[in-house]
Amino acid sequence: MNQPSLGRMILIGTIMLLSYVMLFQHVTIARISLDLMAIYLMWIMLAYPRFQSMWFAAVVGFLLDAMTDQWGLNMFAYTGAVTLLYGVFERFREIKLLDWQYLTLLFGFILIKSSLFAVTTLFTNGVDLAQPVWLFILGTSVYTVIVGYIVNVISPS
Amino acid sequence: MAQPSNGFFGRDTLLGAFLLLLSILMMVLRFDDGLRHLRQASLAVVSRLEAPLSNVRVFRQALNTNRELQRQNILLQDELNRLRSAETQNSILRDLINFQDGSTLDLLPVQFESKSIFSPNPTGSITAGTEQNVGLGNAVIHPQGIVGRVILTTKQRAQVMFYSHPNFRVSAKIMDSRATGILRWNLKSNETMILDYVPLTIPVQVGQEVATSGFSQQFPENIPIGIVESAERQSDQSTWLITVTPSVDLNRLAEGFVVQNTTDPIDQDPIDQDPTEQDPTAQDEVDP
């Protein structure tokens with residue numbers, strides 16, 4: 001896979017982050033919101049080495065935490081998910097993913113990330129999922145996979 | 001190409017551990033003063049970012065509110081119309097009750113079930129018949145004036161010949177001069193009545209009130225009929241041709257009174273009587 005330029009990916013990330021903060025975090029279905037940045041980090045993992053991917057995950061998580069006042073939660077979950085799953089993603093870096101492969105990878109990534117996030121909230125004061133943990137994990141995963149598939153279909157590459 | 005990982009304690013692992021520890025540290029210290037300034041700054045940034053969306057939200061909320069208010073407005077308008085209608089009806093009924101209480105006549109309140117005002121023989125049916133002692137020839141009046149007379153009866157219903165019927169006649173007088181004449185419908189204008197047989201020696205002025213004279217045994221005396229609209233000399237005759245505007249608007253007529261206990265020589269038992277012999281209009285059906 002050709003590695004896209006860093007500037008372009010940062011620009012895309014910024015746009016996605018801002019659109020998430022301004023719009024998509026408010027578009028909820030049954031109080032379940034989309035995890036748009038997971039889609040972005042999946043692209044990063046499929047394009048960049050582990051070192052850069054972890055930095056991207058940490059920065060994205062940090063910015064997301066800053067904008068949602070969840071300091072450390074998203075950073076921990078994204079970084080942890082990238083650390084755990086990068087080895088799997090690395091195997092698919094050189095091939096063009098089929099739809100089911102793309103969706104499976106995305107589903108696995110968002111599942112791990114949501115699980116880490118949900119578990120972390122159990123030990124953190126002042127953050128409440130406002131719904132059962134299983135519903136949060138599954139709901140967020142399914143919602144994000146559906147949107148991720150749509151994004152994958154309409155995106156140029 | 002992917003860069004090779006550099007062992008379990010390599011650069012990537014150390015970075016991962018560092019970042020995870022950093023995030024845990026942030027979680028622990030999030031409520032401490034160390035992050036306060038950062039939180040304040042992020043709050044300011046997020047507020048600015050979400051401001052346009054909040055406007056959209058406000059606009060959307062305004063649209064919803066507007067829709068709800070429109071719905072409530074329609075309901076309130078409907079309720080208001082019904083209240084106004086009830087108020088009007090109340091006022092009419094109150095006038096009728098006052099009229100009945102203040103009158104020495106034996107009045108039976110009735111409602112008009114149907115009206116044929118614009119037909120060649122204008123008639124209407126009322127909600128009272130022989131069981132309520134409504135008889136043929138009984139006058140039908142309204143607090144504003146005369147309406148007509150009963151021409152056909154059944155047990156529960158009766159047919160009323162309106163004053164606009166071509167065959168309707170009533171003895172009337174001009175209230176000021178007490179000059180009497182015969183009142184009939186003006187078939188030419190179809191909006192007014194004609195008072196005949198008032199001598200030219202009687203001064204007639206526009207605006208004078210016209211009422212029943214009492215010479216008719218069907219209509220008691222002094223029941224209003226209308227107002228003099230104009231008075232002309234009839235050619236080759238020594239009487240006035242007086243045009244009278246009726247007091248009662250048949251279009252809006254919905255209630256009235258049957259004047260009972262008036263002795264009418266043509267009053268007969270309605271069961272034994274063939275209505276078609278009484279009046280040509282009696283061929284119409286009474287019940288709607």
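Two residues are in contact here if their C-beta atoms, placed from the backbone, lie within 7 Å. Okay, with that in hand, hello everyone. What you see above is a predicted model, and I'd like to begin where the two chains meet. On one side, 24 residues of chain A are in contact, and on the other, 22 residues of chain B. Which parts of chain A do the touching? H1, helix H3 (50-68) and helix H4 (73-90) of chain A each put in at least two residues.

For helix H1 (residues 6-22) and helix H2 (residues 36-47) of chain A, that gives an angle of about 170°, with the axes 9 Å apart. Anything over 145 degrees counts as roughly antiparallel, so that is what H1(A) and H2(A) are to each other. Who actually meets whom? From H1(A) we have Met9(A), Ile12(A), Gly13(A), Met16(A), Leu17(A) and Tyr20(A), and facing them from H2(A) are Leu36(A), Met37(A), Tyr40(A) and Ile44(A). Sort the residues of that contact and you get nine nonpolar, one polar and no charged.

While we're in helix H2 of chain A, have a look at Ile39(A), which sits in that helix. Is Ile39(A) buried or exposed? The cut-off for buried is 20 or more other C-beta atoms within 10 Å, and Ile39(A) has 21, so it counts as buried. Leaving out residues up to four places away in sequence, Ile39(A) touches Leu106(A), Thr144(A), Gly148(A) and Val151(A). There's also Phe107(A): 68 residues from Ile39(A) in sequence, yet 9.8 Å away in space, C-alpha to C-alpha.

If you take the contacts in chain B with a separation of 6 or more, 58% of them come from residues 24 or more positions apart.

Now for the strands. As a quick reminder, strands of a sheet pair through backbone hydrogen bonds, either parallel or antiparallel. In chain B, six strands close into a barrel, and the order is S6-S7-S8-S11-S10-S9, with antiparallel pairing. From one strand to the next, the twist averages 40°.

Let's walk along part of that barrel. Strand S6 (residues 169-174) and strand S7 (residues 180-185) of chain B run antiparallel and are joined by five bridges. One place to look is Val170(B), whose bridge partner in S7(B) is Leu183(B). The two strands make a hairpin with five residues between them, and in the turn Arg178(B) has a positive phi of about 60°. Next along, S7(B) pairs with strand S8 (residues 193-199) of chain B over four bridges, again antiparallel. There, Trp185(B) stands opposite Met193(B) in S8(B).

Also in chain B, let's pick out strand S2 (residues 123-126). Thr123(B) and Ser125(B) point one way from S2(B), Gly124(B) and Ile126(B) point the other way, and all of them are buried. What does S2(B) pair with? One partner is strand S1 (residues 106-116) of chain B, antiparallel, through four bridges, and Ser116(B) has Thr123(B) as its bridge partner. S1(B) and S2(B) form a hairpin too, with six residues between them. Another partner is strand S5 (residues 158-162) of chain B, also antiparallel and also with four bridges. In that pairing, Ile126(B) stands opposite Ala158(B).

Among the elements of chain B, strand S9 (residues 209-212) has the highest mean, 94, while helix H3 (residues 275-278) has the lowest, 44. Over residues 267-288 of chain B the pLDDT is below 50, though in the model this stretch has 39 contacts beyond near neighbours in sequence. Where pLDDT is low, the predicted coordinates should not be read in detail.

Methods:
Residues numbered from 1 in each chain as written. Chains lettered and ligands numbered in written order. Predicted model: local features only at pLDDT ≥ 70, side-chain atom pairs only at ≥ 80, totals over all residues. Pairing = 2+ DSSP bridges. Axes fitted to C-alpha atoms, helices over the stretch in contact; angles between N-to-C directions. Parallel < 35°, antiparallel > 145°, perpendicular 65-115°, else oblique. Nonpolar A, V, L, I, M, F, W, Y, C, P; charged D, E, K, R; others polar. Buried ≥ 20, exposed ≤ 12 C-beta atoms within 10 Å, placed from the backbone. pLDDT = per-residue confidence, 0-100.
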